[in-house]
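Hi everyone, thanks for coming. I'd like to walk you through one model today, so please have a look at the screen.

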Amino acid sequence: MIGAKQTMTNMNNHATALQEEVRPAQFVLDDFKRMMESLTMCIILHDANTKSILWANQSACDVL
């Protein structure tokens, strides 16, 4: 029979192992670009002074 102290030690070891296995997702520039391109809403990036369009996703290009 396992004592309460041993049970707590086992639970702590298991929790530590789970924490080590879980890694936060990495969101990189390529992911952002893919997300912007896949949106169905129009995204247009323009120069503040000239109002020239610098970039537009495919949805915006379809509308323009």
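Before we start, one cut-off: a residue counts as exposed when its relative accessible area is over 50%, as buried when it is under 20%, and as partly exposed in between. And please remember that this is a predicted model.

Helix 1, residues 4-21, is where confidence is lowest, with a mean of 61, while strand 2 has the highest, at 94. Where pLDDT is low, the predicted coordinates should not be read in detail.

Let's go to helix 2, which covers residues 29-38. Which two side chains meet there in a salt bridge? They belong to Arg34 and Asp31, with 2.4 Å from N to O. The two residues are three apart, about one turn of the helix. The structure holds one salt bridge, by the way. Now back to our cut-off: Arg34 has a relative accessible area of 52%, so it is classed as exposed. Asp31 comes in at 22%, and therefore counts as partly exposed.

Last stop, the strands. Strand 1, residues 44-46, and strand 2, residues 53-56, run antiparallel and are joined by three bridges. What is the bridge partner of Leu45 in strand 2? That would be Trp55.

Technical notes: Residues numbered from 1 in each chain as written. Predicted model: local features only at pLDDT ≥ 70, side-chain atom pairs only at ≥ 80, totals over all residues. Heavy atoms only, no water. Pairing = 2+ DSSP bridges. Helix = DSSP H or I, 4+ residues; strand = E, 2+ residues; numbered from the N terminus. Salt bridge = Lys/Arg side-chain N within 4 Å of Asp/Glu carboxyl O. Buried < 20%, exposed > 50% of the residue type's maximum accessible area, 1.4 Å probe, protein only. pLDDT = per-residue confidence, 0-100.
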